[in-house]
Amino acid sequence: MNNRLMFLRNGKVITGLVILGFFTLLALLGPWIAPYDPNQVSDALLSPPSAAHWLGTDHTGRDILSQLVVGTRGVLVVGLVAGVSATVVGVLIGVTAGFVGGVGDESLSALSNMFLVIPQLPLIILIAAQLPSAGGLTVALVIGATGWAWGARVLRAQTLSLRKRDFVEAARANGERTWRLVLAEVMPNLTAVIASGFVGTVTFAVLSQVTLSFIGITPVSEWNWGTILFWAQNNLALQRGAWWWFVPAGACIALLGMALTLVNFGIDEIVNPRLRSTGLHARSLRRRGIRPRVGFTPVVREARS
């Protein structure tokens with residue numbers, strides 16, 4: 001079965017893509033569909049959800065729904081920029097190291113090993129502390145510059161396995177250039193691995209951005225979901241019973257994380273044949289009283305008559 005069709009018929013993937021599509025629309029249309037200016041104060045101080053303010057207001061009367069909608073763009077932009085930049089660097093270094101071999105492989109592998117031990121979150125905190133105006137884009141670039149090493153190591157290992165395969169050797173015997181061997185023969189077989197690494201980097205970038213905003217490292221004047229939680233925590237929303245101030249932002253973070261995880265599960269099922277078989281036949285196995293689990297291949301024995 002075509003991997004693309006298998007990917008699109010996976011229920012987890014469809015659910016994840018629907019949620020991601022919803023947040024993408026919010027990010028694109030947020031400033032135009034937000035009912036209020038997120039910085040507009042009013043007399044409705046710490047008001048619970050109502051017809052005028054669907055998700056209530058904060059301690060200065062600002063509309064929570066507007067903050068949530070406008071802040072979606074900041075979260076997704078950070079995730080996208082970090083994911084794309086880290087993936088591009090990881091692909092260039094990992095595939096090059098695995099395909100060229102020799103001194104080039106050793107040099108690029110040493111570079112990857114060096115970046116593997118760099119603690120990303122403390123580094124971001126240090127940079128943000130030195131640059132008070134550092135915002136989400138700075139966070140994304142730091143993650144992109146330091147978060148490629150693990151993906152590069154995985155891609156190098158896969159490329160080392162692929163470069164000696166029969167179809168690559170046949171293309172090389174036909175006189176294909178090196179760049180065409182990489183693009184036409186090796187890269188298509190790395191698509192699922194690259195996509196999985198991209199999703200993982202996006203997830204880490206989103207959580208890092210929210211965390212840094214929540215603890216006040218990045219400017220709190222830039223609206224995102226972490227900024228909402230920062231103001232809620234600093235003004236004792238939980239102690240004052242203002243659940244509408246922090247629950248929606250927390251729910252959005254959880255939903256986005258779940259969507260990325262579901263998509264990643266779908267990619268894993270394409271890469272791993274055992275997961276693929278279990279995922280495709282999970283419903284039929286459950287009808288036969290078998291509970292599919294990750295980590296083993298189910299074996300069915302027919303009862304003898």
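**Thr72**

I looked up Thr72 and found it in contact (heavy atoms within 4.5 Å) with Phe23, Leu26, Ala27 and Trp225, leaving aside neighbours within four places in sequence. The model is predicted, so I kept to its limits: local features need pLDDT of at least 70, side-chain atom pairs count only at pLDDT 80 or more, and totals for chains, interfaces and linings use all residues. Residues are numbered from 1 along each chain as its sequence is written, and side-chain values use heavy atoms, with hydrogens and water left out. Thr72 belongs to helix α3, residues 64-100; helices are DSSP runs of H or I, at least four residues, numbered from the N terminus. Thr72 counts as buried because its relative accessibility is 1%, where buried means under 20% relative accessible area (1.4 Å probe, protein chains only).

**Nonpolar core**

I then turned to the largest nonpolar core, which has 32 residues. Such a core is a set of buried Ala, Val, Leu, Ile, Met, Phe, Trp, Tyr and Cys residues joined through side-chain atoms within 4.5 Å. Phe23, Trp225, Trp245 and Leu256 touch the most other members. Helix α12 gives the largest share, ten residues. For Leu256 I noted contacts with Leu20, Phe23, Val75, Leu76, Val206 and Trp225, not counting residues up to four places away in sequence.

**Rings**

I searched the whole structure for aromatic pairs and found five. Rings of Phe, Tyr and Trp (its six-membered ring) pair if their centres lie within 6.5 Å; planes under 30 degrees apart count as stacked, over 60 as edge-to-face and the rest as tilted. Phe115 and Trp148 form a tilted pair, 5.0 Å centre to centre with 45° between the planes. I also noted that ring pairs link Phe22, Phe23 and Trp225 into a cluster.

Methods
Helix = DSSP H or I, 4+ residues; strand = E, 2+ residues; numbered from the N terminus. Buried < 20%, exposed > 50% of the residue type's maximum accessible area, 1.4 Å probe, protein only.
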